[in-house]
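Good morning, colleagues. Please look at the sequence and the structure, which I shall then describe.

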Amino acid sequence: MARLTTPPPGSEPRIDLASLPEPPARTRADLQALSAALDAAIPPWIVDKNLLLATWNLRRLGDVTDRWRARPDDRPKRDWTGVASIAEVLSRFDVIALQEVCGNLRALERILALLGPTWRFLMTDVNAGAAGNGERMAYVYDRRRVSLSGLAAELVVPTDVWATITPGRFSDQFARAPYAVSFQARDTRLVLVTLHINYGRNPNEARLDELHATARWLHTWSRRRHGHGSNVLLLGDFNIDRRGDALWQAFTSTGLTVPDALHDVPRSIFTDKAHSLQSYYDQIAWFSRRRDTVRYDAAGSFDFVPHVYRRPALAKAAMSFRVSDHYPLWLEARVG
């Protein structure tokens with residue numbers, strides 16, 4: 001099998017640091033450690049054979065402080081080390097669904113500059129209102145590996161569909177409308193749908209209703225003949241507390257299936273391995289009973305914490321504002 005090895009695998013970062021001042025030696029050492037850990041954890045690109053997908057909630061990705069390491073009184077806390085670390089992780093995938101992208105796009109623009117000229121992005125407008133939290137949802141993708149295949153839409157519930165949703169389970173639109181974009185890799189078409197379920201004050205007040213409505217509506221929508229194939233994948237932050245709880249049951253109620261490899265991996269940097277089934281927020285899922293079912297070879301989450309901000313070491317709470325409080329979740333899909 002031919003392997004795409006440009007830039008070559010190894011300990012050197014894959015991102016292009018030329019858009020930033022020369023990093024301090026400790027920062028470059030951290031980026032090299034991060035690159036080596038990614039080489040060990042993430043499958044390599046295989047030309048015309050695999051597609052590497054990911055989803056990542058990047059905590060309030062907005063502005064950036066123009067230093068390699070933010071000072072205690074700097075606002076925002078996200079700095080060049082943070083965006084370089086994010087970009088290095090993103091560089092290992094072909095398409096990444098991002099949640100919590102803010103109205104201010106300075107950090108995202110910096111990340112794209114680090115990724116290089118073959119990278120592109122699509123995003124929603126800012127979701128207005130208190131529940132929308134001023135967030136966008138976005139896709140970042142490498143056009144060497146995938147191309148757009150025509151569909152880009154925010155999904156809303158038409159009035160004549162309300163009757164198909166269990167009474168009392170949904171009485172409004174989604175707080176942050178699901179964002180669907182179709183991509184093509186060789187002969188394989190995928191419709192990716194990303195969303196960020198409204199957390200609310202308690203599970204029964206907001207999340208349970210929205211998860212029921214999301215599962216029902218996406219099941220109906222994915223069955224339509226929209227000319228982009230029936231490989232519909234959901235990638236996002238569903239704010240599910242733990243596998244098997246009422247939120248999980250609502251999410252899977254219409255046949256959504258999560259790959260077995262993702263059942264036991266942690267999603268939050270604050271979750272220890274002994275409690276990996278808690279904070280079960282992020283998911284990659286699809287309707288597995290369809291004729292065109294996604295085939296996957298591997299999946300997991302990636303723990304960046306040991307490899308960034310090592311000297312002096314940052315507490316996880318501080319790191320969450322510089323990189324994220326979520327781990328990226330990823331899947332290797334087969335194409336061809």
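Two strands count as paired if DSSP finds at least two bridges between them. Helices (H or I, at least four residues) and strands (E, at least two) are DSSP runs, numbered from the N terminus. The model before you is predicted: local features need pLDDT of at least 70, side-chain atom pairs count only at pLDDT 80 or more, and totals for chains, interfaces and linings use all residues. Residues are numbered from 1 along each chain as its sequence is written, and side-chain values use heavy atoms, without hydrogens and water.

I begin with the sheet. Six strands form an open sheet of mixed pairing, in the order S3-S4-S2-S1-S12-S11. Its edge strands, S3 and S11 (296-301), each pair on one side only. S1 and S12 (residues 329-334) run antiparallel and are joined by six bridges. Which residue of S12 is the bridge partner of Thr55? The partner is Leu329.

I turn now to helix H3. In H3 (residues 106-115), Ala107, Leu108, Ile111, Leu112, Leu114 and Leu115 are buried, that is, under 20% relative accessible area with a 1.4 Å probe, protein chains only. These residues lie on the same side of H3 because they cover an arc of only 160 degrees around the axis, taken from the directions from the helix axis to the C-beta atoms. The buried residues of H3 pack against several elements, including S1 (50-61), helix H2 (80-90) and S2 (95-102); contact here means heavy atoms within 4.5 Å. After H3 comes Gly116, with a positive phi near 110 degrees.

Key. Buried < 20%, exposed > 50% of the residue type's maximum accessible area, 1.4 Å probe, protein only.
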